[in-house]
Amino acid sequence: MTLKANQNCVIIEPDVEKHELFIIPPGDKCETGIAVAIGPDCVDIKVGDHVYFGVGQEFKHDGKNYIVMREPHILGVLEHD
């Protein structure tokens, strides 16, 4: 079974290790991960993007942890030089 996102949702496989790339206000939770599925209405994110996000709904599929959220909740795409 494969994962499919609807509308402007993005399904993310969170990174195992935490990145300290940004200054985060106290109490805010921000993470990074890889977009593994995007809905047909997504404009700025594509599958394979390494993204930075702060909110989302966690779920498990085939023993792996994922997070789903609307595209506007993604804070940015991490680009490695």
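Is Phe59 buried, partly exposed or exposed, and what is its relative accessibility? Phe59 counts as partly exposed, at 26% relative accessibility. Here buried means under 20% relative accessible area, exposed means over 50%, and partly exposed lies in between, with a 1.4 Å probe and protein chains only.

A word on the basis of these values: this is a predicted model, in which local features need pLDDT of at least 70 and side-chain atom pairs count only at pLDDT 80 or more, while totals for chains, interfaces and linings use all residues. Residues are numbered from 1 along each chain as its sequence is written, and side-chain values use heavy atoms, leaving out hydrogens and water.

Let us stay with Phe59 for a moment. The count of aromatic pairs comes to one (ring centres of Phe, Tyr or Trp, the last by its six-membered ring, within 6.5 Å; planes under 30 degrees apart are stacked, over 60 edge-to-face, the rest tilted). Phe59 and Tyr66 have ring centres 5.6 Å apart and planes at 25°, so the pair is stacked.

Now to the cysteines. The whole structure holds zero disulfides, a disulfide being a pair of cysteine sulfur atoms within 2.5 Å. The sulfur of Cys9 has its closest cysteine sulfur in Cys42, 7.3 Å away, which is too far for a bond.

These residues count as buried:

| Residue | Relative accessibility |
|---|---|
| Cys9 | 15% |
| Cys42 | 13% |
| Tyr66 | 8% |
| Glu31 | 11% |

Finally, Glu31 belongs to strand E2, residues 31–38 (strands are DSSP runs of E, at least two residues, and helices runs of H or I, at least four, numbered from the N terminus).
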